[in-house]
Amino acid sequence: KQWYQRRVHGECTQDHSIMPPFHSTLPSPGPTLGNVALMPLRQTTKGSARGPAPVTSDEDIIDQTINLFKANILFKNFEMETDVDRVLVYVTLYIIECLKRLQKIPNAERATQDMFSAALEPFSIPGEAGFPLNAFYTKPGGDAEEMKKYFVQIRHETGARLAEKVFDPALSPDGGPAKWWTCWAKRKFLNVALDKRR
């Protein structure tokens, strides 16, 4: 099966009736936590340095998920074919939570601070009652603490990189959040949300 990648810019609606969702092209590294791939990450923030994810300088799963977000968010179904897909799905859901916060923030400096804080707020992992996709993720067993650290790494990197895009001066010259990103904050992916309170 061949998957095609594209970046979708601008509009909040797209015709996706003839296309499947976009999967990551990154290979599984082998190690997993539960059935979630332990993917290497570009560590661009201080917060993401503490955790089990290997370091890479190449494009990583967070880069790919952000680039594919505007296409994949339009699909109500997504077949998780690999352990890498489970990381992509988690990052996609977390991007939505970040956008809900970023749309209310006035400038990039505040956005960076808020994304750092958001990464450290209490959250559920697979196997816990608050996790929305337990049917597709297995409990990490004795690796629960490592999975928490890994997800914090993912959340730090996702929030920091997304804030840069949402407050890109080329998209929002007035310094506020770019509507080309915040217009997606009300969307749901797979009809679930990581944070049910929002």
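These are my notebook entries on what I looked up in this predicted model.

**Ground rules**

I number residues from 1 along each chain as its sequence is written, and my side-chain values use heavy atoms, with hydrogens and water left out. Since the model is predicted, local features need a pLDDT of at least 70 and side-chain atom pairs count only at pLDDT 80 or more, while totals for chains, interfaces and linings use all residues.

**Confidence**

I looked up the pLDDT, which is the predictor's confidence in each residue, from 0 to 100, and found a mean of 88 for the protein, with 88% of its residues reaching 70 or more. Over residues 1-18 the pLDDT is below 50, and beyond near neighbours in sequence this stretch has 35 contacts in the model, a contact meaning heavy atoms within 4.5 Å.

**Overall layout**

I noted five helices and two strands, where helices (H or I, at least four residues) and strands (E, at least two) are DSSP runs numbered from the N terminus. Read along the sequence, the pattern is β-β-α-α-α-α-α. I also looked up contacts with a separation of 6 or more, and residues 24 or more positions apart account for 71% of these. Of the 198 residues in the protein, 49% are buried; buried means under 20% relative accessible area, exposed means over 50%, and partly exposed lies in between (1.4 Å probe, protein chains only).

**Helix H1**

How many of the residues of H1 are buried? I found 12 of the 12 buried, so H1 is largely enclosed by the rest of the structure. The buried residues of H1, among them Ile61, Phe69 and Asn72, pack against H2, H4 and H5. At the start of H1, a side-chain oxygen of Asp60 comes to within 3.2 Å of the backbone nitrogen of Ile62.

Gln64, which has its place in helix H1, counts as buried because its relative accessible area is 1%. I looked for its polar contacts, each a pair of N or O atoms within 3.5 Å (within protein, one must be able to donate a hydrogen and the other to accept it, and residues adjacent in sequence count only if both atoms are side-chain atoms). The side chain of Gln64 makes such a contact with the side chain of Ser24 at 2.7 Å, and another, of 2.8 Å, joins the side chains of Gln64 and Thr25.

**Salt bridges**

Side chains of opposite charge can pair when their charged atoms come close. I found eight salt bridges in the structure, each a side-chain nitrogen of Lys or Arg within 4 Å of a carboxyl oxygen of Asp or Glu.

Which residue forms a salt bridge with Arg42? Asp63 does, with the closest N and O atoms 2.9 Å apart. This pair links distant parts of the chain, since Arg42 lies in the loop between E2 and helix H1 (61-72) and Asp63 lies in helix H1, 21 residues apart. Arg42 counts as partly exposed because its relative accessibility is 24%, while Asp63 counts as buried at 14%.

Arg161 also forms a salt bridge with Asp63, again with the closest N and O atoms 2.9 Å apart. Here Arg161 sits in helix H4 (residues 144-166) and Asp63 in helix H1, 98 residues apart, and both Arg161 and Asp63 are buried.

Lys100 and Glu97 meet through their side chains in a salt bridge of 3.3 Å, N to O. Being three residues apart in helix H2 (residues 83-102), they are separated by about one helical turn, and both are buried. I noted as well that salt bridges with shared partners join Arg42, Asp60, Asp63, Glu157 and Arg161 into one network.

**Nonpolar core**

A nonpolar core is a set of buried Ala, Val, Leu, Ile, Met, Phe, Trp, Tyr and Cys residues joined through side-chain atoms within 4.5 Å. In the largest one, of 57 residues, those touching the most other members include Val87, Leu99 and Phe151. E2, H1, H2, helix H3 (108-120) and H4 each supply at least two residues of this core, and H2 gives the most, with 13 residues. Leaving out residues up to four places away in sequence, I found that Val87 touches Val36, Ala37, Met39, Ile61, Tyr150 and Ile154.
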